[in-house]
Amino acid sequence: MFHILNVDDLATDFLLDLWNLALVNKGKRNSKLKNKIITNLFYEPSTRTSSSFFSAMNLSGGSVIPINNVQFSSVSKGESLQDTILTMSAMTDAIVLRHHEEGSALKASEVSEVPIINGGDGKGEHPTQTILDGFTIFNSFSESMSNLRITLVGDLKNGRTVKGLVKLLSRFNNNHFNFVSPEHLKFSDKLPNSSYETSDINSVIKETDVLYVTRVQKERGSVYNYELKEEQLLSLPRKSIVMHPFPRTTEIPNSFDSDSRAKYFDQIKYGVWCRQILLEKVLLT
Ligand code: NCD
């Protein structure tokens, strides 16, 4: 079965094909999934990921059963993840699962009768965010993912989107990574070969092609507060891009949103384009 559980499972050729199709299709409507239904099963809050799957499914003519408030579902009566997965796999063709426990998507895939798409598993991974983040870079740097200086800033310990992006970009040649965080929120996975760790963004911002900003994950126990100043962001190279998976809190001032380097709203649009192609691949294979 075609589960989407983590980034390591996504072959580079598969991703390049998906991105090329997304670039051609650009979210155009079709009816390829008109007989398909998916479940959005979200145990953690979501605005973008759940709506993006909803939108993507609609663009291909399919339907979604949204279970976004598990407190109003049988989960509140004590139903196990296994039973909820078996229930929804008896009536839908795939399940997008967001859950607070790392490893939950894998667990779900072991019992599910239909493909599981990991929409974020605790501090684990968020592979469809990695797909859209990768696409944003692919699209911004003339379809190349190599020779980039990537600066990741914020809660690198508990933010799941950083993990997947580092895994993905490590596959390509000559990428350099700057990890910027306070000591207690340092990136805890294996560092790529060409890496530099610092707590001072000013030491690397001028040598950055991709600035990937993340929020502090308070719900996962992180304590820290930071704000990038507009002047700092304006000192980025002209051809660089600024990304953020969102939601943002205090990290990026709204005054930077109109700068051509700000790509965080494009990321959201690209998320729909990519998820549409992904759903077609998962549901029609
Ligand atoms: C991220 C997530 O849920 O991991 N949001 C998203 O899906 N775009 C990032 C976050 O919550 O900080």
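## Ground rules

The model is predicted, so local features need pLDDT of at least 70 and side-chain atom pairs count only at pLDDT 80 or more, while totals for chains, interfaces and linings use all residues. Residues are numbered from 1 along each chain as its sequence is written, and side-chain values use heavy atoms, with hydrogens and water left out.

## Around the ligand

Now the polar contacts (pairs of N or O atoms within 3.5 Å). Arginine 215 brings a side-chain N or O atom to 2.7 Å from a ligand oxygen, and glutamine 217 has a polar side-chain atom 2.9 Å from an oxygen of the ligand. With phenylalanine 246 it's the backbone: a polar atom there is 2.9 Å from a ligand nitrogen. On its own the ligand has 320 Å² of accessible area, and the protein covers 93% of that (Shrake-Rupley method, 1.4 Å probe).

## The pocket

The ligand sits in the largest pocket, meaning that more than half of its atoms lie within 2 Å of the pocket's grid points. A pocket here is an open set of points on a 1 Å grid over the protein atoms alone, with protein on both sides within 12 Å along at least five of seven lines; lining residues have an atom within 4 Å of a point.

Its volume is about 490 Å³, taken as the space filled by probe spheres set on the points, which are joined across faces, edges and corners. The lining counts 27 residues, with Arg98, Arg160, Arg215, Phe246 and Pro247 nearest the centre. Helix 2 (48-59), helix 5 (127-140), helix 6 (160-169) and helix 8 (264-284) each give two or more residues to this lining, and helix 8 gives the most, with four. Helices are DSSP runs of H or I, at least four residues, and strands are runs of E, at least two, numbered from the N terminus.

Most residues other than glycine have a negative phi, and most peptide bonds are trans. The bond from phenylalanine 246 to proline 247 is cis, with omega near 5 degrees; proline 247 lies in the loop between strand 9 (241-243) and helix 8. Lysine 26, in the loop between helix 1 (12-25) and strand 1 (37-42), has a positive phi of about 45 degrees.

Technical notes: A polar contact is a pair of N or O atoms within 3.5 Å; within protein, one must be able to donate a hydrogen and the other to accept it, and residues adjacent in sequence count only if both atoms are side-chain atoms. On a 1 Å grid over the protein atoms alone, a cavity is a set of points where a 1.4 Å probe fits but cannot get out, and a pocket is an open set with protein on both sides within 12 Å along at least five of seven lines; lining residues have an atom within 4 Å of a point.
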